[in-house]
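Welcome, and thanks for taking a look at this one with us. Below is a short tour, starting with one residue and then moving from topic to topic.

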Amino acid sequence: MIRKLRTDSRVSSLNVERYQEAADPRVYSIRASQSYRTIGLWPDKGKTMLLLWVDHHDEAYRWAKKKRFTVNPHTHTLHMWSLVEEKETASDSSHSNDRPNYGIFTRYTDRQLLDIGVPKELIPIIKSIQTPQQLDSRKEELPEEALEALKFLAEDEPYEHVYQFIQEWRAEEQREEVADDAEAFERAITSPASGRRIVVVTSDEQLNEILDQPMEKWRTFLHPSQRSIVEGNYRGPVRVLGGAGTGKTVVAMHRARRLVREVLQPGERLLFTTFNVNLAEAIRQTLGTMCTPSEMGRIDVISIDRLAREIVDRRQVAEIEAVVFDKGQFESIWEEALAEAGWPEEKLSFVLQEYEQVIQYHGVESWPEYRDLSRTGRGSPMTYTDRERMWTAVQHYRTQVRDLGWYEFTDILRLARKWVEAHPGEEVYRSAVADEVQDFHPEGLKLIRALVPKRDNDLLLCGDAHQRIYSRYVTLSQCGIDIRGQRSKRLRINYRTTEEIRTEAMQALQGHDWDDLDGGKDEGKDISLLSGNPPERHHFGTEEEERTFLVEKIRKLTEQGVHTGEIAVLVRKNKMVETIKAALEEAEIPTVTMTSRYQKADEGISCGTMHRSKGLEFRAVFLAGVNRDILPPASRLESCSDEQERMEVEKQERSLLYVAGTRARDQLYVTSHGVPSELWPVGEEVPAEK
Ligand SMILES: Nc1ncnc2c1ncn2[C@@H]1O[C@H](COP(=O)(O)OP(=O)(O)OP(=O)(O)O)[C@@H](O)[C@H]1O
């Protein structure tokens, strides 16, 4: 149909005709098949027809009838909205008070509302809205741009911030006067901001390329705030912050493709790195659908630890017998080290923390470095003698593990980084894109910096401190990554999770500050335009009752048509994964364990730890075992040496719940037994069905 239309819109089989009953006289109907109609918008004298909707005959006409299309003179974008009666909102008696009709947007002037994209005709309705819920009930009637801005205002975001957010990506748009409706329309649909939902097809090749793409690509039109990051040219590193589901990975992938297409010179390569192996694999697969094989051939998609290991092996930097994941394996060596330093065994937890969070964090390799290092921010102060003892212990430990050929990942990152620094030009990328940066070790970031020489469009780093689930604070500037002014970006629209889930997951984070990965604060708020059911909270007396509920609920979901591959059960501890899997399998519900090699499959309930859920998404998510002694784990709290450490543990566990909860697209269930954890907001408890 599109091809025919592009050739000749008068072809009789298409039956292109004005839809007389439409509120907008420029609305046309086009015959897509016997029973399907396409709705198009075509201004008089216009060169371009905009195809808007395809549906069954009657539904298509119903959809089109009340729709209005205007070019907002202030934002220069094409807006689609519906004019509906004012009465429903204005007369909502449940919110009547002494000041009838005092709405949440009354304090803004008409001009301010126009400037954020509200159509003139809708201003009275907007001003009569009294609650965020009423705004939600109007969302189908508003242009998306205006809805986003109003949702931020409804969250008490200052007007200037909201305006600024819109303005940032609007700056490049044309603002000259236009001759007529057709010209205004033509400009609006080709304006960068319209690119979030309109593709202007100008050649058959382009059309073929679009039609060849998988369906999910049709759903991802970059938001202008995302697109401006993808297409921007920067004189140095760019940092992209954004809460869960705001499209950081999407932006990172589009940026990688654009750099390969437009910035890399022949022979140059791009590094795309992320936190772990399964995330890297998922990104490689998606990028593979976006890029040609030859473009993919120029991108190395690899987790940061694996990258370091490959460099160390390829360059024969060290003989590695084993990489040690479980710090418990080192415990006996540390006990000997403590004895060597003349410290009692009770000091073990402190020494381990000091090693991890001070010595390894700062890459300390000699006594003078350690002696002179500032420990600001670490809870317990240390005397000079304590430092000497600590260093004695460290030396013992390091000698022992080196003799065995054992390395921690941090050591491997450092070895790789030092080799790259010592051999300039031998391991080089033109650019690097990194995702999940909040959990990178500083040594990983220094390695990236060492691999990519400083120049324009060199680094793009995406991350979110709210989602930091390993105790690694990063300050990009301390890793040689210098972010300035316009090169710091924040995404604010959540595309994954409903507003109900997002809000509740955010409550799990309350009471803590969140950093911007560079020593400052991240105070940005997000919104979601999606709405749905609130998360359900179910509490049980015993673990068995909780499991029975999970099995029954999952069975019901699958009976309602939710594919098993779209459901995940996430827990805090590995042990619980096994018991839940066993219960599901006993009920003949297929499962998949989320191991380090896990990739989302079509079949099988994904069962795994909350840590493994990083970066993933599912239609329905169960957070199980959200009990007081599990979140935070009693053992973690007990091993803390001071109050500050306890606070840090709690903060991390809250982040873990935030990460796990925001994996849910449509529905989230939070279950517990015994005593429920206080970290997840109480919400409304739903009694278990008998
Ligand atoms: N402009 C867009 N239009 C439609 N969908 C989008 C858009 N941007 C992102 N998405 C979708 O939103 C979801 C979340 O995106 P993505 O994984 O990139 O977010 P994220 O910020 O990396 O999330 P997290 O930090 O939680 O891992 C994905 O399903 C993605 O396809």
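Is Glu140 buried or exposed? Glu140 counts as exposed because its relative accessibility is 63%, where exposed means over 50% relative accessible area, buried under 20% and partly exposed in between (1.4 Å probe, protein chains only). Please keep in mind that this is a predicted model, in which local features need pLDDT of at least 70 and side-chain atom pairs count only at pLDDT 80 or more, while totals for chains, interfaces and linings use all residues. Residues are numbered from 1 along each chain as its sequence is written, and side-chain values use heavy atoms, with hydrogens and water left out.

**The ligand and its shell**

- The ligand is surrounded by 21 residues, and the closest are Phe221, Lys248, Thr249, Glu617 and Arg663; a residue is near the ligand if one of its heavy atoms lies within 4 Å of it.
- By residue type, the shell around the ligand holds 5 nonpolar, 10 polar and 6 charged residues. Here Ala, Val, Leu, Ile, Met, Phe, Trp, Tyr, Cys and Pro count as nonpolar, Asp, Glu, Lys and Arg as charged, and the others, Gly among them, as polar.
- Domain 3 (224–315 + 412–507) and domain 5 (533–673) each give at least three residues to the shell around the ligand; these bounds come from an automatic or database domain assignment.
- Helix α13 (residues 248–263) supplies the largest share of that shell, 3 residues. Helices (H or I, at least four residues) and strands (E, at least two) are DSSP runs, numbered from the N terminus.

- A polar backbone atom of Gly247 is 3.0 Å from an oxygen atom of the ligand.
- For Val250, a backbone N or O atom lies 2.9 Å from a ligand oxygen atom.
- Arg663 takes part through its side chain, with an N or O atom 2.8 Å from an oxygen atom of the ligand.
- The ligand taken alone exposes 640 Å², and the protein buries 87% of that; accessible areas come from the Shrake-Rupley method with a 1.4 Å probe, and for residues only the protein chains shown count as cover.

**Helix α13**

- Helix α13 is largely enclosed by the rest of the structure, because 12 of its 16 residues are buried.
- Among the buried residues of α13 are Lys248, Met253, His254, Arg255 and Val263.

**Two arginines**

- Arg572 sits in the loop between β18 (567–571) and α25 (574–586), and counts as buried because its relative accessibility is 14%.
- The side chain of Arg572 makes a polar contact with the side chain of Glu653 at 2.8 Å. A polar contact is a pair of N or O atoms within 3.5 Å; within protein, one must be able to donate a hydrogen and the other to accept it, and residues adjacent in sequence count only if both atoms are side-chain atoms.
- Beyond neighbours within four places in sequence, Arg572 is in contact (heavy atoms within 4.5 Å) with residues including Thr609, His611, Arg636 and Leu656.
- Arg665 belongs to strand β22 (residues 664–673) and, at 22% relative accessibility, counts as partly exposed.
- Not counting residues up to four places away in sequence, Arg665 touches Arg496, Thr498, Glu617 and Arg619, among others.

**Backbone features to check**

- Most residues other than glycine have a negative phi, and most peptide bonds are trans.
- Leu631 and Pro632 are joined by a cis peptide bond, with omega about 0°; Pro632 is in the loop between β21 (618–623) and α26 (634–638).
- Asn15 has a positive phi, near 55°. Asn15 lies in the loop between α1 (2–7) and β1 (17–18) and is partly exposed, with a relative accessible area of 37%.
- Glu436 also has a positive phi, about 60°. Glu436 is in the loop between β12 (431–434) and α22 (442–451) and, at 9% relative accessibility, counts as buried.

- Glu140, from the opening question, lies in the loop between α6 (132–137) and α7 (144–154).
- Val394 is found in helix α20 (residues 384–404) and counts as buried because its relative accessibility is 0%.
- Apart from neighbours within four places in sequence, Val394 is in contact with Trp334, Tyr355 and Ile359.
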